[in-house]
Amino acid sequence: MGLICAAGIAVALIGVRDLATGDRTEQISGASIKVVHLLREGRLTPILTGLEVPAVQVVNARGRVLAATPEMAGMPRMADFEPTEAEVRAQRLRCDIPGYESECMLVMSFRVHQPEGDWLVYGADHDVPWYVSPVFSTMLVGGALLLVLVTTAGTYRTTSKTLAPVEAIRSELDEISATDLGRRVPVPPYQDEIRRLAESVNRTLDRLETQVEKQRRFASDASHDLRSPITAMRTQVEDALLHPGDTDWISLVRAQLGSLERLEALVSDLLMLARLDAGAPSRRDRLDLSELVRGELDRRWRRVRVVRKLQDGVEVLGDRLRLARLLTNLVDNAERHAGTEICVTVGDRDGHAVLEVLDDGAGIPPDQREVVFQRFTRLDAARSRDAGGTGLGLPIAREIAEEHGGSLTVEDSPRGARFVARFPSARR
């Protein structure tokens, strides 16, 4: 606004000065023409009065001043320029007029034809200053300052009101800590960018609270699951040390090996989850899913029969080791809960590579189908992780599926549990 006002003042001064200069020129011209009439009518007197300009002189053909206004009486000729033969008048800005040496004057010269030669009539008045007049300049500057002041006050009030929600959001965020993630920033009532910012912040806080709560539960469950076998092993060793003669050391070592195997599996799963949670990059190779499944199933003997329905040519882009871990986790889970048979199917459906693992066990109730993918989940009866699992196999399998751009769900089946993993096909 200051720049706009400065430009406006400059334009106003230039325009008004041009108008004032035009009026001043008309005054000088009118006074000079009046003297010309007096000269032609023979009524010219040595002292010219009643004129609207302060300086007028009449110079004869010999260059002698014959008449002048009272201010110019007795003064030498005020200017030496004159109109050309083709002109009636000429105009100059002079700063050396006798009696007005400290000022610049607007001077006009008129040629008057006389029998003995051409006479000259000079008229002069003060030049209009760049500021036109003190009153006018003061009004312009005062109006501009008032406008800038009003604009400043209005802008300050508007921005303060607009940014008040931002300050409220900032203040609330400063007070939110890791132990108080349930708080949310205030959402402004207006549908604007700040409201969308507050909503985005609250959604971020929702996700953060969910993740932190999951981490807390995970840490609590992990510490319990690690502590349980360690405590059992310690109890067995301490009891054996108290009664060394009555201890069957071979049986004790076998029991310790079982507990160590459980600990090893649990630590391995925890490390895998840590890598997945950290977003550690994995390889993306073109793999034949049926070939990978066939190789993994041949690698290990199972206590139940495994039926294979593998379609050749089903290709995916992924990490062989992680996809093998997904398959192993699903088959291990199915083996723990199957009665007599597991069915592993690989096929290409609707542009997706589909891997299914079906067991003939008790199945999973519909309301528990998402619960089984939570870390350290405990289900009732046959699907309790006390059946030998760590409670992390299925969560790891889903993480791997989602990392590969796919999904892992539990779907309906006539009997048992049916886990279905879908991946983008590499042949699309």
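Reader: Which residues of α4 meet α7?
Author: In this predicted model, Asp269, Met272, Leu273, Leu276 and Asp277 in α4 meet Gly393, Ile396, Glu399, Ile400 and Glu403 in α7.

Reader: How do the residues of that contact divide?
Author: Five are nonpolar, one is polar and four are charged.

Reader: At what angle do the axes of α4 and α7 cross?
Author: Roughly 30°, and the axes come within 10 Å. Angles under 35 degrees count as roughly parallel, so α4 and α7 are roughly parallel to each other. Their crossing is left-handed.

Reader: Switching to the sheet. What is the strand order?
Author: β7-β9-β10-β12-β11, an open sheet of five strands with mixed pairing.

Reader: Which strands stand at the edges?
Author: β7 (305-310) and β11 (407-411). Each has a single partner strand, so one side of each lacks a neighbour in the sheet. Twist from one strand to the next averages 15°.

Reader: And β10 with β12: parallel or antiparallel?
Author: Antiparallel, over seven bridges. Valine 354 is opposite arginine 422 in β12.

Reader: Which strands does α6 touch?
Author: Helix α6 (residues 320-337) packs on the sheet and touches β9, β10, β11 and β12. Its direction makes about 25° with that of β10.

Reader: What about α5, which strands does it lie across?
Author: Helix α5 (residues 289-299) lies across β7, β9 and β10. It runs at about 165° to β7.

Reader: What follows α1?
Author: Glycine 42, with a positive phi near 75°.

Key. Residues numbered from 1 in each chain as written. Predicted model: local features only at pLDDT ≥ 70, side-chain atom pairs only at ≥ 80, totals over all residues. Heavy atoms only, no water. Axes fitted to C-alpha atoms, helices over the stretch in contact; angles between N-to-C directions. Helix = DSSP H or I, 4+ residues; strand = E, 2+ residues; numbered from the N terminus. Parallel < 35°, antiparallel > 145°, perpendicular 65-115°, else oblique. Left-handed = near helix turned anticlockwise from the far one by under 90°. Contact = heavy atoms within 4.5 Å. Nonpolar A, V, L, I, M, F, W, Y, C, P; charged D, E, K, R; others polar. Pairing = 2+ DSSP bridges.
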